[in-house]
Amino acid sequence: MSTADATRVGPSQTRRPFSFPLFAVAVIVYLAIIQGIGLLVQNLSDESDFETTRGVFFGMIIPLGLALVFVYGLAAYLGRLRPVLRDDRPTQRWVWVVPIVFIIAIAVGINYGELADKGFLYVVVLLIATQFVGWGEEGMFRGLGVTVLREHGLSEGRVALWSSIIFGAVHLTNVVGHGISALPQAIIVSLAGYFFYLVRRVSRGNVLNSVLHGLFDFSLLTGTAITAGQTFYPGTLLPVLVYPLLAIILLVRRKQIEPAVATVQRLSPE
């Protein structure tokens, strides 16, 4: 670990070694908590969908809450809460377009009619559950994942690439329940991972990307999965269109993401 890194941690925190194999183990444990405990709780509660408040509580809140505790407990144990929660690698200001596009898509994509029929308690529980998703996945992949890649000397471009690929590859585990359709899903998730990585950097922390991640999942669930006989909700198309829209914008502007050298030097710790 470099002297600059040690300075960022502060005297009250001691960083424990965190290698790529240990990160891989952490990801496996995180997935095992969600999948294993999720299945166990669903079987014990006899709830197999997210159409009721009880179903969301047992199927999402419990396993995702435990996984969330694991992620930030691990970050604290490793002495990495600060670099997980804060980001010292700025971008150019125009990159704010990424979270702005997400906010618009979320606002339009939420199926307000279905939510009104489900009731206030259901909405609150689903919001909490999806925030657990956002904070857990962002903490693991954009927090611990980005941190470990940076500590091993990867350039920021490679940090963005590999943290996004790992995020997508993890979702290949869905092949068990969804078959070959899990492959395009993993590719899309990798792209989403890159977008959330940019939100982390432009907002200088892991809060905005975590909140938006959770709200984005919330909007998708309200349009696709909260009732058994739900008809197609047109608003769901906008969150889906976020991917190609932002991909085009970022492809065109890819060389204008990093700040000027003078800005980096001014913001870097002495």
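Biologist: Which residues is M140 in contact with, leaving aside neighbours within four places in sequence?
Modeller: This is a predicted model. In it, M140 is in contact with F23, A26, V27, Y30, F70, V71 and G145, leaving aside neighbours within four places.

Biologist: And which residues touch the most other members of the largest nonpolar core?
Modeller: V98, F102, M140 and L144 do. That core has 62 residues.

Biologist: Which helices each supply at least two residues of this core?
Modeller: α2, α3 (53–77), α5 (97–109), α7 (120–151), α8 (156–170), α10, α11 and α12 (237–252). The largest share comes from α7, with 12 residues.

Biologist: New topic. Where is S19 found?
Modeller: S19 sits in the loop between α1 (3–9) and α2 (20–45).

Biologist: Why does S19 count as partly exposed?
Modeller: Because its relative accessibility is 26%. Buried would need under 20%, and exposed over 50%.

Biologist: What does S19 touch, not counting residues up to four places away in sequence?
Modeller: V148 and H152. Also, the C-alpha atoms of S19 and E151 are separated by 9.1 Å, though the two residues are 132 residues apart along the chain.

Biologist: Now R204. What is its phi near?
Modeller: Near 65°. That is a positive value in a residue other than glycine.

Biologist: Where is the place of R204?
Modeller: R204 lies in the loop between α10 (182–203) and α11 (208–224). R204 has 33% relative accessibility, so it counts as partly exposed.

Methods:
Residues are numbered from 1 along each chain as its sequence is written. This is a predicted model: local features need pLDDT of at least 70, side-chain atom pairs count only at pLDDT 80 or more; totals for chains, interfaces and linings use all residues. Side-chain values use heavy atoms; hydrogens and water are left out. Helices (H or I, at least four residues) and strands (E, at least two) are DSSP runs, numbered from the N terminus. Buried means under 20% relative accessible area, exposed over 50%, partly exposed in between (1.4 Å probe, protein chains only). Contact means heavy atoms within 4.5 Å. A nonpolar core is a set of buried Ala, Val, Leu, Ile, Met, Phe, Trp, Tyr and Cys residues joined through side-chain atoms within 4.5 Å.
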